[in-house]
Amino acid sequence: MSTQVLDSLSEDTVRRIAEERDEPDWLLETRLDALEALDELDLPDVIQTPGRRWTNLEALDFESLVDPLDQADVTERDGEDDVVVLPFTEAFAEYGDVIEANFGSVLDPQENYLTALSVALFTTGTFVYVPAGVDAEDVTIRAEMNSRSLFSQTLVVTEESSSVTILEGIESGTDAAADASPADADRYFSNLVEVVAGENAYVQYGSLQNLAADTYTYTLKRGATDTYSTINWIEGNLGSALTRSDVETELDGDDSETQIVGAFFGHGDQHLDLNARVWHNAENTTADLVTRGVLDEEARSVYEGVQDVGREAWNTSSYQRENTLMLSDDAEADASPKLIIHNHDTEASHSATVGQVDAEELFYMESRSIDEETARNMLVEGFFVPVFEEIRVDEFRDDLEDLVQARLR
Amino acid sequence: MSSEDLQDTDTEARFEFKKEQKSAFQAEKGLTEETIRLISEDKDEPEWMLQRRLRALEQFHEMPMPTDWPGQPDLSEVDVDEIIPYIRPDVDVRAGVDDWTELPDDIKDTFDKLGIPEAEKNALSGVGAQYESEVVYQNMRDRWEEKGVIFCNMDKAVQEHEELVREHFMTKCVPPSDNKFAALHGAIWSGGSFVYVPEDTTVDMPVQAYFRMNSEGMGQFEHTLIIAEESSEVHYIEGCSAPKYSAFNLHSGGVEVFVGEDAHVQYSTVQNWSKNTYNLNTKRAIVEENGRMEWISGSMGSKATMLYPSTILKGRGASDNHITIAFAGEGQDIDTGAKVYHNAPNTKSTIESKSISKDGGRTNYRGLVHIADGAEGSSTAVECDALMFDNESTSDTMPYMEINESTVDVAHEATVGKIGDEDIFYLQSRGLDDDDAKQMIVSGFIEPITEELPIEYAVELNRLVELEMEGSLG
């Protein structure tokens, strides 16, 4: 891996980032350890079948993508009064102990080369803290990326019997603001999200990625549940040139549950490598994975869904559905929904389909004098409905619907 | 052989007995160029076959062991240097024996116990029987021979049907470069069947080959080559078994099937290797326009199996059906599935896979469906169901789907479940005891598979499942 490490990626760089942000020593140590580990770490696993690797992460040209000392973003964070929503830099003074206790507890910074790179270099990020018993309906994190590369880190900690709904959006800044980056260079966005759910807590984390077409994106979101807690993820991916997105839940608490809802819409020559994974590590846990995607032009999707039921995971329920709609002959959809089952007291199923717009439905609509393009667009929107229905936050659903409609126009 | 005859047979005794080892020629352990030359010389092979063997040996040494597949069986115990690659039993294999009574008593006795001669009389068009590395018995009904159907052992085919073999043997279907064990097979293959069905010929009774591995620490590497010309039809059945010894055995067979235009080939097998056998096979079919390939397989025995029969749908309108059942008990790792390449328009495939795991056994469905760009109008449906008995066992499903074409219909479904308490309660309330109830549920679970098998095999499969279940339920 060492060949990919940049000259500017040095201990000095990492120390400068930490100093500018006046970070506690433990975090600097964590960053330096991650930096040092880069030499030995591999890129995230990608699926391989005879004769092919489904996603070519090796092609990421870090030399032209990453400029760690020139990171710029505009991020708006909103939340009600009784919930903490702060950039890390502002959170250390009051919540340093909570951050230290939870940072890296769910997501190992040295999990792979890209996570370590992200932890070593992140300059932006958000700490969300929901005290016991608080119901926070409306936390929003809207980020704009304004530099060649941007590394972001998000930590969500919820205490007992609290609930929170977080909506995160990431897009590229307007051209004027993005001038810092050379016009023809590719860009790199990395975001690591960790969710620590307390006993009987409810976390809903929605994320909408609509980055510019010259951006390479790596995101890893992972949550761990306690007893009776719920973590629900909603993941919308529309932008970026290459997207690698992993959304994962460790069901560590008895009677806990998770839902992972995904929607994607690829066009141009976009490559979307989208993964939803769940580990049932406790008793009476439930998981529901639902992903729907549309591919147009030369876009390609790679999907892996994993339902892993551990030896002690008695009375597990686990379901997965993945459906892809192909609008073009040049598109490609690869999928691997995996079941790994170690306990027989399990009810598990998965299904995956790939198909095109139904010719009969199209004919029916055309016979009702709807022109072909309108009819096709209506059918595509209709295809997303089962996913929209799972999104209980109106604002998020509206945003996603708007983006889908914009792409269809 | 009627189903009653089979039910009266003690299936355990049929498979687990072993014979004292007697052989006319036995190669040294391990794999060297010298061994390959000796085997080839012993078989009096043409030079081109020796050269193919030597090239495959080189490829075998160049290729790494497969170790990095997600969740694959542990092959660390497989040491080719510890394997006896070739044992010629004490039979004049070159002349060929077509009468069971001409076989040495111990070998005849083995096949009698397995019920092969009985089955031949009643239900089959022809039988080949392999003992260790060589086919010791081969017979084909006259009426098929008259029509030009060939069913003989592979070694004989190399001598007598050289052109056909030279063209098809490990060239375009399973080249030795496919994987390490295909290369191994290409180097030391011995025995197996050659089936040739001329144009417009329907062989309406199945032909069967039976492979018996008797010696300790040996490897069996039979090659099966089936060529079905345009508009022909044939059903080939393969059975195999080996008694259990303390040393491990290696079975690495190769199967190549050529399905011509409008032809139909069915390949059925119930594998019941002993639980110290590594079963690492490569089986593949190439199907021309409107041809149809069917794979029906039961994987019961072996310590570890890695087997993914694959079909290349090469011609427009070609189709493929896979029906598989895997049963893994204590200490077994059965990693099996199906591969289908849709390389032409309007091709169809269906895969139906059932697995049962208990007492710490592991079953894995590993499948690949590839729909190439240009294979418009193709469809595939994959269905996997797993039944589990306990939390010591593991059942995985790892399908891979690569779809390069938009006008297709692709569906994959998988379910995992335990035996329903309600179902058992219902059966118990009708007077069945717990064991019988579970057994009945398992039989019902695999019925969609057994009903596709010829009756003898369905009965055998059910008996094997019963054996696996006996005494281990509580």
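The legends below describe close-up views of a predicted model.

Residues are numbered from 1 along each chain as its sequence is written, and chains are lettered from A in the order in which they are written. In this predicted model, local features need pLDDT of at least 70 and side-chain atom pairs count only at pLDDT 80 or more, while totals for chains, interfaces and linings use all residues, and side-chain values use heavy atoms, with hydrogens and water left out.

**View 1. Chain A as a whole.** Chain A has 8 helices and 20 strands, where helices (H or I, at least four residues) and strands (E, at least two) are DSSP runs numbered from the N terminus. Its C-alpha trace spans about 70 × 55 × 45 Å along the principal axes.

View 2. A:Arg15 forms a salt bridge with A:Glu11, and their closest N and O atoms are 3.0 Å apart; the term stands for a side-chain nitrogen of Lys or Arg within 4 Å of a carboxyl oxygen of Asp or Glu. Both residues belong to helix α1 (residues 11-20) of chain A and lie 4 residues apart, about one turn of the helix.

**View 3. The interface of chain B and chain A.** Here 36 residues of chain B are in contact with 37 residues of chain A, contact meaning heavy atoms within 4.5 Å. The area buried between the two chains is about 2,900 Å², of which carbon and sulfur atoms give 49%; buried area is the accessible area (1.4 Å probe) that two parts lose on being put together, summed over both. The count of salt bridges between chain B and chain A is 2, and in one such pairing the side chains of A:Asp345 and B:Lys418 meet at 2.6 Å, N to O.

View 4. Strand β20 (residues 346-356) of chain A pairs with β25(B) in the antiparallel sense over 7 bridges, with B:Ala411 as the bridge partner of A:Thr353.

Notes. Two strands pair if DSSP finds at least two bridges between them.
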